[in-house]
Amino acid sequence: MPFHHRHHHHPPSTAPLPTAPFLFPRANSTVLPDPSAFFSPSLLCSPLPTNSFFQNFVLNNGDQAEYIHPYLIKPSSSSLTFCYPSRFHIPAYVYQSFTPDLTIGAADGGARHVVSAFDDLSVTLDFPPSLRFFLVRGSPFVTCSTTTTTTISISSVNAFIDVSANGSFTKHTLRLNSGQTFLCYSSAPMRLAQQGNSLLSAPGFAGVVRLAALPDPAYEPVLDRFSACYPVSGEASFARPFSVEYMWEKKGWGDLLLLAHPLHLRLLSSDDCRVTVLDDFKYNSIDGELVGVVGDSWTLKTDAISLAWHSTKGLNEEGYAEIISALSKDVDSLASAPITTTSSYFYGKAIARAARLALIAEEVGFPDVIPFVRQFLKQTITPWLDGSFNGNGFLYDTKWGGIVTRQGSTDSGADFGFGIFNDHHYHLGYFLYAIAVLAKLDPAWGRKYRPQAYSMMADFMTLSRKQHANYTRLRCFDPWKLHSWAGGLTEFADGRNQESTSEAVNAYYSAVLMGLSFGDAHLVAIGSTLTAFEIKAAEMWWHVREGEGIYEDDFSRENRVVGVLWNNKRDSGLWFAPAEWRECRLGIQVLPLLPITEVLFRDVRFVKELVKWTVPALAREGVGQGWKGFVYALEGMYDRETALEKTRMLTGHDDGNSLSNLLWWLYSRDASAAEQSSFGWVRDGWFGHYCH
């Protein structure tokens, strides 16, 4: 998004408002789109998704494609087009190109599509008066149901060179001059007649039509077998810590076939006997091969991680004096260089940076500075929570249901698009970190402002599906991809995107710390679970290991981290910097530097490769001191003394970082872990105490 961070529909007037008085003043946004153009009236009384996998379908004309694995899908005024995409790759980027392979419509169509239902794993699009599409993520079939008897049309940008039917006219094989083959299944006889080279039509049809690409002739018996059972919706349940269960509602008869991406396959529970993996049934995807899985529900489990306030293994005492000296100066600077920005992002980074100083002081046994930090946090956080901050503040938008900023409510570019729901987990995550620390240091303050703190957390972490909740469910986190998206209500040709995985991890980690401050075991469990999944996804799709097979060799050879990851594209460039600025690409996947960072980068062999790949860029004229600091931080995971020498020579730090924090990090590195490359996770700590 052009306004991304860094150097870096009105509902009808009769729609119910939230049932309880809200904590933040009502927004009167002049920049948010009107959701009533694309959502059915029954959905408008509840908060609506702002970072979803189908967001393009409800923005502007609603006719930009979305990647709903394994197909790119594009609605138009009276029909739906889908494509089994081909992949284009060069060292700079990877993307999937859209070609209108097949378009399905009805003769009586003409109205624009409407979202009549949505959930974690699906969206239902209605094309009045006669067609309804159940678009379920990972389905090898595109499923359409008629709501009235109509004439079905199937067209293509290519020519149909052969159309053949079985004896009952419930299966058609469509061969195109592009070399592609599609299979068309119907719940009732459908007599497709060819109308010219590129159009087929079937009059008087009522029932269900399912279309599937046939990438390999050997797959045809599998598609035949599972063609009669179709999913219409799907939910993700986070009822157990470090686990998610997918449950689909299905119709028809027989077993349900869907496709799993590589992270699904890695996390599918081995003791879940309800599913069968079809190892030889695969579709291509930008996220790696999609593999067939048969079952009405899946359970995905990730390893438990232990999250805490301080470093995992403690600090080397030989560093205490140096850290305390840096702390004295950094705390003094809070008074001499007060926060002047009104940006919710940079302000959040500044207060989180200050909160780090208090925790570092705790860890090195230097309590003298903590009262000053506590008072600084009270003075800087409270105005955002009680509405007295001059120049900006948090408001509540009733159109979509969520927090916006005062500046963002009238300027879509202000606060990096926070007012149109960009980057909510980034900005609010920094605020939550500072709030968690202050509530720990000053429980009375925490009790007073707990409602506002929980409201900010709920903006991006609500699990509720209930009507009249204040916030949409999991605004940023994608339960199917198992990571977050940052792009909000902006139409993008390649769908949603996320740049900084580490800031996403920070958001859920900060929620965990807030749960610890308030003694909320449920928040600790949910935040830890989302943190663990976000890290797994970052390792799989953002951290590029040569020869791993997720990306083509030319891309994986030249890149160690993805710059911006889109639903339908992988880019080496950043929103705020070109691909050549490798120190920025590394840094934006590291900041902010926290105890959780060592879990995100626990594969030290990969860290070595990443630093080696980055270091040549540091010779470029004009490289920022702050970005160098993050490179040295990772270098310190395997060569602490060299990293310390370089860190001491820095003349500046990122606005969310400090010399105290860098020294804390380097002196908390475990030299014995320097050759570690295990993907094992810490299994002890608070978790067993809070969440059995």
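**Figure 1. The salt bridge between Asp224 and Lys171.** The side chains of Asp224 and Lys171 meet in a salt bridge with an N to O distance of 2.9 Å, a salt bridge being a side-chain nitrogen of Lys or Arg within 4 Å of a carboxyl oxygen of Asp or Glu. Because Asp224 belongs to helix α1 (residues 220–226) and Lys171 to strand β13 (residues 171–176), the pair ties together parts that are 53 residues apart in sequence. Helices (H or I, at least four residues) and strands (E, at least two) are DSSP runs, numbered from the N terminus. Asp224 is partly exposed, with a relative accessible area of 31%, whereas Lys171 is buried at 14%; buried means under 20% relative accessible area, exposed over 50%, and partly exposed in between, with a 1.4 Å probe and protein chains only. This is a predicted model, in which local features need pLDDT of at least 70 and side-chain atom pairs count only at pLDDT 80 or more, while totals for chains, interfaces and linings use all residues. Residues are numbered from 1 along each chain as its sequence is written, and side-chain values use heavy atoms, with hydrogens and water left out.

Figure 2. Arg602 forms a salt bridge with Glu539, and the closest N and O atoms are 2.2 Å apart. This pair links distant parts of the chain, with Arg602 in the loop between α12 (597–600) and α13 (604–614) and Glu539 in helix α9 (residues 521–542), 63 residues apart. Arg602 is buried, with a relative accessible area of 6%, and Glu539 is buried, with a relative accessible area of 4%. A salt bridge also joins Arg669 to Glu598, with the closest N and O atoms 3.0 Å apart; here Arg669 lies in the loop between α16 (659–667) and α17 (686–690), Glu598 lies in helix α12, and the two are 71 residues apart. Both Arg669 and Glu598 are buried.

**Figure 3. A network of salt bridges.** Asp120, Glu235, Arg465 and Arg473 are linked in a network of salt bridges. By the salt-bridge rule, the count for the model comes to 30.

Figure 4. Five of the six residues of strand β9 (residues 131–136) are buried, so the strand is largely enclosed by the rest of the structure. Strand β8 (residues 122–127) runs antiparallel to β9 and is joined to it by six bridges, two strands being taken as paired if DSSP finds at least two bridges between them. The bridge partner of Ser122 in β9 is Val136, and the hairpin formed by β8 and β9 has three residues between the strands. β9 also pairs in the antiparallel sense with strand β10 (residues 142–146), over four bridges, and Leu131 stands opposite Thr146 in β10. The hairpin of β9 and β10 has five residues between the strands, and Gly138 in its turn has a positive phi of about 85°.

**Figure 5. The open sheet of seven strands.** Seven strands form an open sheet with antiparallel pairing, in the order β1-β2-β3-β6-β11-β16-β15. β1 (66–68) and β15 (193–194) stand at the edges, each with a single partner strand, so one side of each is left without a neighbour in the sheet. Within this sheet, strand β6 (residues 102–106) and strand β11 (residues 150–155) pair in the antiparallel sense over four bridges, and Thr103 stands opposite Ser155 in β11.

Figure 6. Leaving aside residues up to four places away in sequence, Met514 touches Leu432, Ile435, Ala436, Ala453, Tyr454, Met457 and Leu523, where contact means heavy atoms within 4.5 Å. In helix α8 (residues 501–518), 18 residues at 1.5 Å a residue should span 26 Å, which agrees with the 26 Å between its end C-alpha atoms; the expected span is 1.5 Å times one less than the number of residues. Because 17 of the 18 residues of α8 are buried, the helix is largely enclosed by the rest of the structure, and α8 is followed by Gly519, whose phi is positive, near 65°.
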